[in-house]
Amino acid sequence: MFRTAFRLKGYDRVVGQIRDKSISDSAGEDVDTIDLEIIELLFFAYRDFTGDPDAILEKSGFGRAHHRVVHFVNREPGMTVADLLETLKITKQSLARVLKQLIDSGYIRQVTGPEDRRQRMLYTTPDGQALARALAEPQSRRIADALAKAGPGARETVKRFLANMMNDVAG
């Protein structure tokens with residue numbers, strides 16, 4: 001449920017619903033081809049979905065980049081730095097600062113590869129696993145609540161929708 005009522009261009013946002021009041025585009029474009037309602041719902045859903053973890057991360061001086069690293073390393077223990085760079089689609093420089101902070105703080109450990117000593121494999125420590133769980137729990141509750149309200153079959157529909165939104169998934 002939305003906690004407050006406020007106005008957006010073309011919408012009244014009221015507790016629990018969005019009412020379309022007439023979408024007009026000042027540039028005169030065909031607004032039927034631009035789904036402003038879904039775009040705005042995605043913005044608000046993302047804001048709220050990341051809000052709970054953001055508050056937890058802020059206590060440690062971390063941000064969303066740290067969250068992503070902890071999440072993926074926890075999901076795939078032993079993933080290499082190269083794999084993580086590919087998964088996150090970021091540069092080595094961007095990852096280096098975040099990874100160093102997580103290693104120095106005791107959330108991630110880095111191990112030299114068994115066959116290739118240049119390879120760096122990543123693992124969450126017990127503290128890293130606890131952090132990953134603490135960040136995922138409020139998000140998981142939010143997802144479960146939304147899926148329950150959406151009705152039967154919603155999980156598969158949402159998974160298909162989100163997968164189709166990704167660049168590297170063939171439809």
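**Helix packing and the nonpolar core of the predicted chain**

At a relative accessibility of 55%, Lys89 counts as exposed, the term being used for residues over 50% relative accessible area, with buried meaning under 20% and partly exposed in between (1.4 Å probe, protein chains only). The structure is a predicted model, in which local features need pLDDT of at least 70 and side-chain atom pairs count only at pLDDT 80 or more, whereas totals for chains, interfaces and linings use all residues. Residues are numbered from 1 along each chain as its sequence is written, and side-chain values use heavy atoms, with hydrogens and water left out. Lys89 is found in the loop between α3 and α4, and its phi is positive, at about 55°, although the residue is not a glycine.

The chain contains 6 helices and 6 strands, where helices (H or I, at least four residues) and strands (E, at least two) are DSSP runs numbered from the N terminus. Read from the N terminus on, the order of these elements is β-β-β-α-α-β-α-α-β-β-α-α. Of the 171 residues in the chain, 26% are buried.

Helix α3 comprises residues 81-88, and its buried residues include Val81, Leu84, Leu85 and Leu88. Seen down the axis of α3, the buried residues fall within an arc of 100°, so they line one face of the helix, the arc being that of the directions from the helix axis to the C-beta atoms. Such an arrangement can be read against helix geometry: an α-helix has 3.6 residues a turn, so residues three or four places apart point the same way. On the other side of α3, Ala82 and Glu86 are exposed. The packing partners of the buried residues of α3 are α2, β4 (79-80), α4 (92-104), β5 (108-112) and β6.

The largest nonpolar core has 20 residues, among which Val69, Leu84 and Leu102 touch the most other members; a nonpolar core is here a set of buried Ala, Val, Leu, Ile, Met, Phe, Trp, Tyr and Cys residues joined through side-chain atoms within 4.5 Å. Two or more residues of this core are contributed by each of α2, α3, α4 and α5. In soluble globular proteins, nonpolar side chains tend to be buried together. Leaving out residues up to four places away in sequence, Leu102 touches Phe62, His66, Val69, Val70, Tyr107 and Ile108. Leu95, which lies in helix α4, counts as buried at 3% relative accessibility, and with the sequence neighbours up to four places away again left out, Leu95 touches Val69, Val81, Leu84, Leu85 and Ile90. The C-alpha atoms of Leu95 and Val81 are separated by 8.8 Å, although the two residues are 14 residues apart along the chain.

Strand β5 holds Gln110, which is partly exposed, with a relative accessible area of 35%. Apart from neighbours within four places in sequence, Gln110 is in contact with Val81, Leu99, Ile103, Arg120, Met121 and Leu122. Gln110 and Arg120, 10 residues apart in sequence, lie 6.1 Å apart in space, C-alpha to C-alpha.

Helix α5 has 25 residues and reaches 35 Å from its first C-alpha to its last, close to the 36 Å expected at 1.5 Å a residue, the expected span being 1.5 Å times one less than the number of residues. A kink of about 30° lies at Ala136, shortly before the proline Pro138; the bend at a residue is the angle between axes fitted to the seven residues ending there and the seven starting there. Buried positions in α5 include Gly128, Leu131, Ala132, Leu135, Pro138, Gln139 and Leu147, and the buried residues of this helix pack against α1 (36-58), α2 (64-75), β6 (120-124) and α6 (154-165). Gln139, within the 126-150 span of α5, counts as buried at 10% relative accessibility and, neighbours within four places in sequence aside, is in contact with Phe49, Thr50, Pro53 and His67. Just after α5, Gly151 takes a positive phi of about 100°.

Definitions and conventions: Contact means heavy atoms within 4.5 Å.
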